[in-house]
Amino acid sequence: MTFVRNRRIQTAIALATSVAFAALAGAPAQADGGKFNVSKMATKSVSQLPEGELYWHIENFPTLDAAKAAGGDYSLAAEYDDKAWLFTLADRKAAGMGGTPVASVGPVPRIDAVEFLLQINSGQAPVGAKTSIHSHPGPEAFLILSGQLTQRTPYGLHVLNAGATMAGTPDQAMEVSSTGNEDLSELIMFVVDPLRPFGSPAELN
């Protein structure tokens, strides 16, 4: 009996550890239908947020070096899908940084924090993949490159097709699914409080 009890404890610890690591990457452990693959692309810590009505301004550049050179205090550069990207958190009316405009995502809700973490993730998921129900300590924004994303929240469903964008709500419980007829590819932008867990289990009523 002691052996069985210890095995159960070890299994519970392993499962909790798996969920914790997935939450740190911004992608909670998979539910059914396949696996969400989320990768961290870039991060930056800032002591305050820009003035004005906040939007993520997304541009493409010929090279990653060119994107990095053009970036400002609230810009993050990264490569994805054989393209160089620059993500800049700025006022809605702010001018671009000199690249080819892709999208502006917002408005991004402000949060109260001592400092802020800006993070860009990429996500890929086969049709049918679904995350666990979770929340983040700040707004999560999406740009859908291909496929279809369905986000379930306490307030209903949000369905985003390729080219669509959405800025989320801080601390809102959500479940994200890859729906539609082709695999999902997305870019994900965060403004979070780094003193809190990046991702936490949540409940949808």
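A search of the whole structure finds 2 aromatic pairs. The model is predicted; local features need pLDDT of at least 70, side-chain atom pairs count only at pLDDT 80 or more, and totals for chains, interfaces and linings use all residues. Residues are numbered from 1 along each chain as its sequence is written, and side-chain values use heavy atoms, with hydrogens and water left out.

Q: Why is the pair of W85 and F87 called stacked?
A: Rings of Phe, Tyr and Trp (its six-membered ring) pair if their centres lie within 6.5 Å, and planes under 30 degrees apart count as stacked, over 60 as edge-to-face and the rest as tilted. The centres of W85 and F87 are 6.3 Å apart and the planes stand at 15°, so the pair is stacked.

Q: What makes E53 and R92 a salt bridge?
A: The term requires a side-chain nitrogen of Lys or Arg within 4 Å of a carboxyl oxygen of Asp or Glu. For E53 and R92 the N to O distance is 3.0 Å, and their side chains therefore meet in a salt bridge.

Q: Why does D65 count as exposed?
A: D65 has 60% relative accessibility, so D65 counts as exposed.

Terms used
Buried < 20%, exposed > 50% of the residue type's maximum accessible area, 1.4 Å probe, protein only.
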